Amino acid sequence: MQTSSAFLQLLVAGISTGSIYALIALGFNVVFKSTGAMNFAQGEWVVMGGMISALLLGTFSSVGVACLLAVLLVAIFGLLSERLVIRPLRHPTALLITLVSIGLSICTRSFVMLTLGKKPVGYPGFSGATTISLGGVTFQAQTLWIVGLTLAFLVIMHFFFERSMLGKALRAAAADREAAAIVGVRVETTILISFGIAAFAGALAGAIITPLTLASYDQGAMFGFKGFSAAMLGGVGSLPGAVVGGLALGLLEAFGSFYISSDFKDAIAFAVLLLILFVRPSGLLGRADVVKV
Amino acid sequence: MHLGRRSFLQLVPGAALALSDLRPAQAANEPLRIGSILSVTGPAAFLGEDMKAGLQLAVEEINAAGGINGRKIAWTFYDAESQTQKAISATRRLISQDRVEMILSGGNMSGIALAMAPLAEAAKVPFISSEGALAIVTPVAGRRWVFKSTVDDGDVLERIADYFDKKKIKKVALLADTSGFGQGAVAQMKLVGPKRGLDVMYESFGPADTDMMPQLTRIRDSGAEAIVCWTVTPAGVVFLKQAQQLGLDNRTLIHSYGFVSADYMKLAGDAAKPLLLASLKISVGDQLPDSDPLKAGILKLYRNYEARFGRPPSLYAAESYDAMLLAQQALLKVGGDPAKIPEGLESIRNFAGLSGVFNFSPERHSGLSKHDIVLINWRDGRFNLVDYA
């Protein structure tokens, strides 16, 4: 009885943490698709989402409104970052963008510390502090919001990339920059938009997790690292891969630290990540690229 | 015949003594050079700012009163940015370039203070650490010049065990973070637990973790009557919220002195209700019985600190303030000779500072005891005394 309730409790915990990882992984994947680079500023946008929401909550009394505005502001910040830091690169190779993004993440962290402060912040969930008890499992209503909003966002992204003209243009530019440019796609704009989407996804993750965990300026690196791992696990560049990778990492952490030892929580998750990458170097749902030499 | 100074001293036996007696008097005009290293940026910044303020206030008060033995303090401060490497180079600069006569506070992270201690020891510069780990001052044979003004984790755990005895609690869980602070407590609990007949289960979490459900579910199923959480990070709020969510709020929940922060309590909201904190007395200064030796000093610090910085002093500010008070006491005891500060500190007995009553000895360079710890809770927007002794 106890063990089955513990199992369900862990399942809920794993899914809610996993959803957050999935959103961050999605950010990694979108930028990877358009540039071939890993954007390590992704984690900082998560923190910004949470911290700006808390700040705006002073002005707007509704948590939902504050979070929405914060997410939009961070998306604009993402666009600006691309315009000011990535665009001016003369030869934007994937490696160069990756390196620059590390600098961008350090600058963003300092910027957040100086403008929003060093103190951790928090706010109530979208449905207050309501807790739900179901079949021996207790969780906060915010957990449902996290899972629901993540799913909704991923579905929207799926249709955006598969159906909309802009989404198709982004995919085209990702597949072949030159060919896309020849048929009239502005490759630079697609990179700009991908940064905006990535920042939006990160900030959304931050805004919805903060009621459960608090946000402080120095958490970004951890979020970035976990999101990166989830992206690798699922298959870099694959949208469903972000979901699978995120959930797998969240569940691994939850069950690993319960059934084995909490001392090795991160170690267990990363050991499994390594194993999977040995067997499937392109991740669970990734397609191995055929590269002409 | 020309006599050099040295040979003159050899000829007149009393002269050497006379000259050495003169030295402090000559130096009386010279300021007393004291250096401090704290982290006012980086992850440990929230501690560093209060500790810096504590030292700053102590320096200003001592200088306003005419200094120590007539020497005003010239205070040099460096930011360690929460990085051990930065702190080490700052320590070298303090010793060789600024030629400080003593160092107070070591980066407000035990790991940093641990790295600084051997440097101070080698240079024979007295170092009073305001950081936690007992290893900073042990073994004493290799730490003649190093002291600390903070309470030991072992003592705090002993004090918590006293409370468990009172409440007849036998089965407890220690939920510690994976930092030096948390794991230090785990090492101490492995000594204190068996000695006090406690059945202890150990769980850990990362300082940046956002979920503790697995650990808490395990603790719930183990039937532990009390949970002691050991961290200074916001993850401690996650612990409180999720403990409430799992219905663990009917058990005894205790946070260490590393979590005594009004900000954290406000963030935890309702979830902080069942919580007890093992704290220094300063958090509840005004509620102490009048017989308490610390009360007068604490109330005075509250007045002066609030007037100077516009906020009440935290216990971290008291720890660094104490480092300066101890330095002053030691210097007064040895007639102002910095080279004799170790003897001065080792002879301090029953000295009421702000974090507690200090007793040092040549065998023990950590001055506080479990009697300096009280248990407090958070109600009506303030800390309240729950268990005095």
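# Questions on a predicted two-chain model

Q: How many residues of chain A are in contact with residues of chain B?
A: The model is a predicted one. In it, the side of chain B in this contact has 25 residues. The number on the side of chain A is 30.

Q: Which helix of chain A gives the most to the side that touches chain B?
A: Several elements of chain A each supply at least two residues to this side, including strand 3 (137-140), helix 8 (187-213) and helix 10 (239-259). By class, the side has 12 nonpolar, 12 polar and six charged residues. The element that gives the most, with six residues, is helix 1 of chain A.

Q: Are helix 2 and helix 4 of chain A roughly parallel or roughly antiparallel to each other?
A: The axes of helix 2 (residues 42-56) and helix 4 (residues 94-116) of chain A come within 10 Å and cross at roughly 15°. Angles under 35 degrees count as roughly parallel. Helix 2 and helix 4 of chain A are therefore roughly parallel.

Q: How many nonpolar residues has the contact of helix 2 with helix 4 of chain A?
A: The crossing of these two helices of chain A is left-handed. Helix 2 of chain A brings residues including Val47(A), Met48(A) and Met51(A), and among those from helix 4 of chain A are Thr108(A), Arg109(A) and Val112(A). The contact has three polar and two charged residues, and the nonpolar ones number six.

Q: Which strands stand at the edges of the sheet in chain B?
A: Five strands of chain B form an open sheet in the order 2-1-3-4-5, with parallel pairing. From one strand to the next, the twist averages 20°. Each edge strand has a single partner, so one side of each is left without a neighbour in the sheet; these are strand 2 (73-79) and strand 5 (146-148) of chain B.

Q: Which residue of strand 4 of chain B does Ile103(B) stand opposite?
A: Strand 3 (residues 102-106) and strand 4 (residues 127-129) of chain B run parallel and are joined by two bridges. Leu104(B) stands opposite Ile128(B) in strand 4 of chain B. For Ile103(B), the residue opposite is Phe127(B).

Q: How many bridges pair strand 1 with strand 3 of chain B?
A: One pair of residues standing opposite each other is Gly35(B) and Ile103(B), the latter in strand 3 of chain B. Strand 1 and strand 3 of chain B pair in the parallel sense, and the number of bridges is four.

Q: How many residues of strand 3 of chain B are buried?
A: Helix 4 (residues 84-97) of chain B lies across strand 1 (32-38), strand 2 and strand 3, running at about 175° to strand 1 of chain B. Strand 3 of chain B is largely enclosed by the rest of the structure, because its buried residues are five of the five.

Q: Is Ser82(B) buried or exposed?
A: Ser82(B) is found in the loop between strand 2 and helix 4 of chain B. Phi of Ser82(B) is near 60°, a positive value in a residue other than glycine. A residue with 20 or more other C-beta atoms within 10 Å counts as buried. Ser82(B) has 23 of them, so Ser82(B) is buried.

Q: Is Arg99(B) buried or exposed?
A: Arg99(B) lies in the loop between helix 4 and strand 3 of chain B. Though not a glycine, Arg99(B) has a positive phi of about 50°. With 11 of them, Arg99(B) is exposed.

Q: What is omega for the peptide bond from Thr138(B) to Pro139(B)?
A: Most peptide bonds are trans. Pro139(B) lies in the loop between strand 4 and strand 5 of chain B. The bond from Thr138(B) to Pro139(B) is cis, with omega near -10°.

Notes: Residues numbered from 1 in each chain as written. Chains lettered and ligands numbered in written order. Predicted model: local features only at pLDDT ≥ 70, side-chain atom pairs only at ≥ 80, totals over all residues. Axes fitted to C-alpha atoms, helices over the stretch in contact; angles between N-to-C directions. Parallel < 35°, antiparallel > 145°, perpendicular 65-115°, else oblique. Left-handed = near helix turned anticlockwise from the far one by under 90°. Contact = placed C-beta atoms within 7 Å. Nonpolar A, V, L, I, M, F, W, Y, C, P; charged D, E, K, R; others polar. Pairing = 2+ DSSP bridges. Buried ≥ 20, exposed ≤ 12 C-beta atoms within 10 Å, placed from the backbone.
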